[in-house]
Amino acid sequence: MTELNNTLDSSQLSLPKYRKNILLVGTPGTGKTSLAKRLTEVTSLEHVEVGKFAEEHSCLGSYDEQLECFEIEEEKLIPILIDFLKPGGYLLEYHGCEWFASCKIDLVIVLQTETAPLYDRLKARGYSGRKLEENMECEIMQVILDEAYCCFNEKQIWVVPSNKEQDLEETVERVQKFLESSN
Ligand SMILES: Nc1ncnc2c1ncn2[C@@H]1O[C@H](COP(=O)(O)OP(=O)(O)OP(=O)(O)O)[C@@H](O)[C@H]1O
Ligand SMILES: [Mg+2]
């Protein structure tokens, strides 16, 4: 026993750090990527866009003409995500939260944007017609927030405004404190 103690230094004896996963959700255009980019500059979190992740892991289905995007084969994707997220340290970006209910998620950040700035952002992207209307409706009806409350404990959920630059900076500071406080 004495011999064993002598061969271990203090870093080997310390417990491994608990690495958290954060899920960033919100209607398209609410600022998930913008926030994720800032967070990866100031934290060690690794940004994962779940749409791209699904593509890289061959989980894309057929093209949805109405939504103008590929469907994602969730039955295939969810088990891959569950495994992938086990070590922690990831900042996931996706519109909704349903698929993550069985994953290791420590915090869900729901970004919300007021109607006028969101409309301008989506118009600037070239959204129009049904696509624009559906996204605006999604935000006004708080669809993503309802989904978050269905899938996660409310203590895990932050509802965060994302209208102006200052909102983004405040959220970055809040996340930094959250990561520091619980390590
Ligand atoms: N806090 C903010 N204040 C002002 N503008 C913002 C803010 N956050 C994001 N934006 C702007 O809104 C637009 C959309 O942002 P972003 O691409 O980050 O949204 P997103 O939620 O990732 O969209 P998607 O769901 O399509 O991936 C960008 O032009 C970005 O500069
Ligand atoms: Mg994005």
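**A loop residue and onward**

Guide: Glutamine 142 counts as partly exposed, because 15 C-beta neighbours lie inside 10 Å of it. The scale behind that word calls a residue buried with 20 or more other C-beta atoms within 10 Å of its own, exposed with 12 or fewer, and partly exposed in between, the C-beta atoms being placed from the backbone. Please keep in mind that this is a predicted model, in which local features need pLDDT of at least 70 and side-chain atom pairs count only at pLDDT 80 or more, while totals for chains, interfaces and linings use all residues. Residues are numbered from 1 along each chain as its sequence is written, and chains are lettered from A and ligands numbered from 1 in the order in which they are written.

Visitor: Okay, where does glutamine 142 lie?

Guide: Glutamine 142 sits in the loop that joins α7 (129–140) to α8 (143–151). Helices here are DSSP runs of H or I with at least four residues, strands are runs of E with at least two, and both are numbered from the N terminus.

Visitor: And what is phi of glutamine 142 near?

Guide: Its phi is near 55°, which is a positive value in a residue other than glycine. Most residues other than glycine have a negative phi. Serine 58 also has a positive phi, near 50°, and is not a glycine either.

Visitor: Is serine 58 buried or exposed?

Guide: Serine 58 counts as exposed, because it has 10 C-beta neighbours inside 10 Å. Its place is the loop between α4 (50–56) and β3 (60–64).

Visitor: Let me zoom out. How many helices and strands does the chain have?

Guide: The chain has nine helices and seven strands. Its C-alpha trace spans about 75 × 40 × 30 Å along the principal axes, and buried residues make up 26% of its 183 residues. Among contacts in the chain with a separation of 6 or more, 74% are between residues 24 or more positions apart, where a contact means that two C-beta atoms, placed from the backbone, lie within 7 Å.

Visitor: At what angle do the axes of α6 and α7 cross?

Guide: The axes of helix α6 (residues 115–124) and α7 come within 11 Å and cross at roughly 155°. Such axes are lines fitted to C-alpha atoms, for helices over the stretch in contact, and the angles run from 0 to 180 degrees between N-to-C directions. The two helices are therefore roughly antiparallel to each other; angles over 145 degrees are given that name, under 35 is roughly parallel, 65 to 115 is roughly perpendicular, and the rest are oblique.

Visitor: Which residues make the contact of α6 and α7?

Guide: On the α6 side they are Thr115, Leu118, Tyr119 and Leu122, and on the α7 side Leu132, Asn135, Met136, Glu139 and Ile140. Leucine 122, which belongs to α6, is buried because 21 other C-beta atoms lie within 10 Å of it. Leaving aside neighbours within four places in sequence, leucine 122 is in contact with Gly29, Tyr127, Leu132 and Asn135.

Visitor: What about α3 and α9, at what angle do they cross?

Guide: Helix α3 (residues 32–42) and helix α9 (residues 165–181) have axes that come within 10 Å and cross at roughly 45°. That angle makes α3 oblique to α9. From α3 the contact takes Ser34, Leu35, Arg38, Leu39 and Val42, and from α9 it takes Leu168, Thr171, Val172, Val175 and Gln176.

Visitor: Can we stay with glutamine 176? What is it in contact with?

Guide: Apart from neighbours within four places in sequence, glutamine 176 is in contact with Val42 and Thr43. It is partly exposed, because 13 other C-beta atoms lie within 10 Å. Glutamine 176 and cysteine 69 are 107 residues apart in sequence and 33 Å apart in space, C-alpha to C-alpha.

Visitor: Last topic: which residues does UniProt list for "binding site"?

Guide: The unreviewed UniProt entry lists Gly29, Gly31, Lys32, Thr33, Ser34, Arg125 and Lys164. UniProt positions are given in the numbering used here, feature names are shortened, and annotations may be inferred rather than shown by experiment. Serine 34 lies in helix α3 and is partly exposed, because it has 13 C-beta neighbours inside 10 Å. Lysine 164 is in the loop between β7 (157–161) and α9, and is partly exposed with 13 other C-beta atoms within 10 Å.
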